Amino acid sequence: MDQLVLWLPAVPLASALLTFLLGDVLGKGAVRISAAGGVLTLALSAWLLGLILLGEDTHLHMIGTSWGGLLFDPLSVLMTLLIAGVSLLVRIYSIRYMAEEAGYVRFFVLLDLMTATLLIMVAAGDLITLLISWHLIGLLLYFLLGHDTRSHSAYRYGFWTLITYRIGDLPLVMAAMLLFHSYDSWWLPEVFAGIAADPDAVTFLGLPVVEVAGGLVAFSAFARSAQFLLHTWLPYSMEGPTPVSALMHAGIVNAGGILINRFAPVYVHTDGVLHWIFIVGLFTAIIGSVLMLSQNDVKKSLGYSTMGQMGFMVMECGVGAFSLAVFHLIAHGLFKGTMFLNAGGVIGEARRDDGVPKEDLYTFVVERQAPTYKQPWPIMAAITLAVPIFVLFLSHWAVAPDLFQKQGAIILLFFGWVTGAQLLFSTYHIGTQNPWRLVGLIIISFVIVVMGYTLISHAFDLFLYPNSEFAARLYQAAGIDILSFDILISIATLIIVLGWVRVYHQHRHQDHKNKYPGSLWLGFYALISREFYINDLYSWMSRNLLSASTRLNVLLRWG
Amino acid sequence: MDTKIFLLAGVFLPLFPFSIIFNALFERLSHPILRGIMLLFWPLIGIYLLQMAQRPPPDWIIAWASATAILYGFRLISMRDVGLWIGFLGTSAWALLWVGFNANIDHSRLYLSALGFSTPLIMLLILAAHIKVRFGAAYTYLYGGLAITTPRLSGVLVFTVLAATAAPIFPAFFIMLYNITLSAPAVIIAMLTGWLLWAWAGARLLQGLIVGPQAGGQIKDISRKLAWLYILLLNAMVLSGLYLPGKWL
């Protein structure tokens, strides 16, 4: 029964073919075939998930002899359900949204092909199938982003995406070759079994295979998930149709996290690669969040928001919390997909109500509302700092008491604490007639979110990595020595605590000393407003390469 | 004797500066049929010559071939004349066939590899001739908007360019992967760099032809028959790619 996994990508492929062939006969009605194919794909993927939840064993289903097969395992089944669901929603949404666009049928054919390719990618059972699907996703996205063939800018930014994806494809090719040469097989289960049997194999120059392959796979994932320095395509790819943005932000951009999870049996034997993954993810999360906050263009802001979230997802892999990264990418995908598909509704709402807050005098005189109150800042600062940490520790302790032995878990709790503190700080910032009621409600919401999140992430861990020893070894591979870890965490905590206290104090006393920004702050603002000049640098490099190529062609004009 | 054979073969499996001979000749012969014959037979002659050698080519020739592939890939990104673009891509791709000789693979595979690189180039050549008939020149960033004016032509053009630039799942993709499995790390990096440049050049070629508002007045599209012929050929290429070089992996 689990052989249905082979039929899963065949359904959208067949609907793409039928939509294309019947496009002339049925006209725009042909896209109903695509939607029907989407429903069938979703039903099949839900069936497969049901099978695995009922205890069906994982299998590799082969079509070819040396390559060409799909995996039926928890990761592939979970991801196929997400892809099938998001892609069906996008198709249903597009039936009306894209109705007036030229190339209407072509758009649905491309969507079907993209769905099939994504399904193959997440379930690829061998390195060649993975390479093919990985490469094809970039190409299909290029044509989806450039759906409006009249728009030069759509293609220009689509090209940024394509070239970044191609740059990211190449390390994966190298990793595949390296693993093939070292373990003499294209099949992923055989490669992983080979690694488990001989994790210390070395390659050229005496370098360890797992470290090099892990690094190359991570590089490929960075390009796909818009990590810092390979991120510029993401905020600028909004020129494409909104359904494509939804599909991209809800699904395609998550491919990096899926790839790292797929290669977990490689990373479990690595020594330093996960640390680098953590650093890149952390840096991306910070840069993405800073750039998101500094944008005045809502779409670019959403793009940078996704970049920040992808940074968090990669960071989670870097601390060994692989299953949490999968949970994160699903949650973020659904959230961001909804935001994009709801964009039209938000614009309509904004036309009815500008949403500009009234002044205090207006609300007091006209709306007859009482003035707002703020509580003493030391009490609020203490609540902000103490409550989240208490809730987080208690909920995690209830699920897994040994969790605090894992460094990765501590780091994630640390980030949860900062997020919770920021949430509570916002209540102080809002100002209300009944601040304690607001604080109470926010704490209750926070408890519910944290408990839900803890339980779901724990369930994901059990589902994706049922072998608890393997999961523990992943955390171990991401660990550093305990003294360095404690020092780093202590310094970070001190900085955060002092930062919060200062913010509260300044806020309360309306410190006007720093009303006018200094030159350092202005310099930083200039830097972020120009997005760290990275786009300018890449444009400059691209122009110079093209210019050098032209000069070379003039110089060698005879052939 | 072998060195002389290698140098002579360097004209047909182009090694810079011998590659200039092919490209200069290709530029002079403007007739599409003559150009097509050149694209088909030029690398086959090179393979035939190399079969006469008693030993595989030395590593320095492989390095030379890799450098040639990168050089022509780099020149390709700014080439706007579609005819010369085809010649440059052929030069860059055929240079990589030296890797197979170095690895001592079966000669039939080398002939098939050459055909896998050349066939989409010949198909592209025919499309370039159609563009030239309609617009007076097959030149990128000159008129654009083919997707609107001639949708069938631009549709098959997109897939042919993808096949020529070794996109999956066309034969050239598997040939590239197969060559990579035979190569040393430094050569792999050179091959991947060349491959990246092809993708860049392919995207620029398409953007310069198919993107943009409708150009000029009413332009006649290619016939449905020709479009279907191209679709059949492209499908045949996909199948042959999966069953020939795809099986070598």
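How many residue pairs are in polar contact between chain A and chain B? In this predicted model, the count is 12 residue pairs, both residues being at pLDDT 80 or more. The side of chain A that touches chain B draws two or more residues from each of helix 2, helix 6 (127–145), helix 7 (152–183) and helix 25 (534–555) of chain A. Helix 7 of chain A gives the largest share of that side, with 13 residues.

**The interface in figures**

The size of an interface is often given as the accessible area lost when the parts come together.

| Item | Value |
|---|---|
| Area buried between chain A and chain B | about 3,800 Å² |
| Part of the buried area on carbon and sulfur atoms | 75% |
| Share of the area that chain A buries, from L546(A), N553(A) and G559(A) | 13% |

In terms of contact, 43 residues of chain A meet 48 residues of chain B.

The rule finds 1 salt bridge across the interface of chain A and chain B. A salt bridge joins the side chains of D24(A) and R224(B), at 3.6 Å from N to O.

**A nonpolar surface patch**

L17(A), L18(A), F20(A), L21(A), L22(A), V25(A), L26(A) and W228(B) form a nonpolar surface patch of about 770 Å². Helix 2 (residues 10–26) of chain A contributes 7 residues, the largest share of the patch. One of the patch residues is L26(A), which lies in helix 2 of chain A. L26(A) is classed as partly exposed because its relative accessible area is 44%, between the limits of 20% and 50%.

How values were computed
Residues numbered from 1 in each chain as written. Chains lettered and ligands numbered in written order. Predicted model: local features only at pLDDT ≥ 70, side-chain atom pairs only at ≥ 80, totals over all residues. Heavy atoms only, no water. Patch = residues over 30% accessible without salt bridge, like charges linked within 9 Å, V, L, I, M, F, W, Y side chains within 5 Å. Areas by Shrake-Rupley, 256 points an atom, 1.4 Å probe, with all protein chains shown as cover. Salt bridge = Lys/Arg side-chain N within 4 Å of Asp/Glu carboxyl O. Helix = DSSP H or I, 4+ residues; strand = E, 2+ residues; numbered from the N terminus. Buried < 20%, exposed > 50% of the residue type's maximum accessible area, 1.4 Å probe, protein only. Contact = heavy atoms within 4.5 Å. Buried area = accessible area lost by both parts, 1.4 Å probe. Polar contact = N/O pair within 3.5 Å; in protein donor to acceptor, adjacent residues only side chain to side chain.
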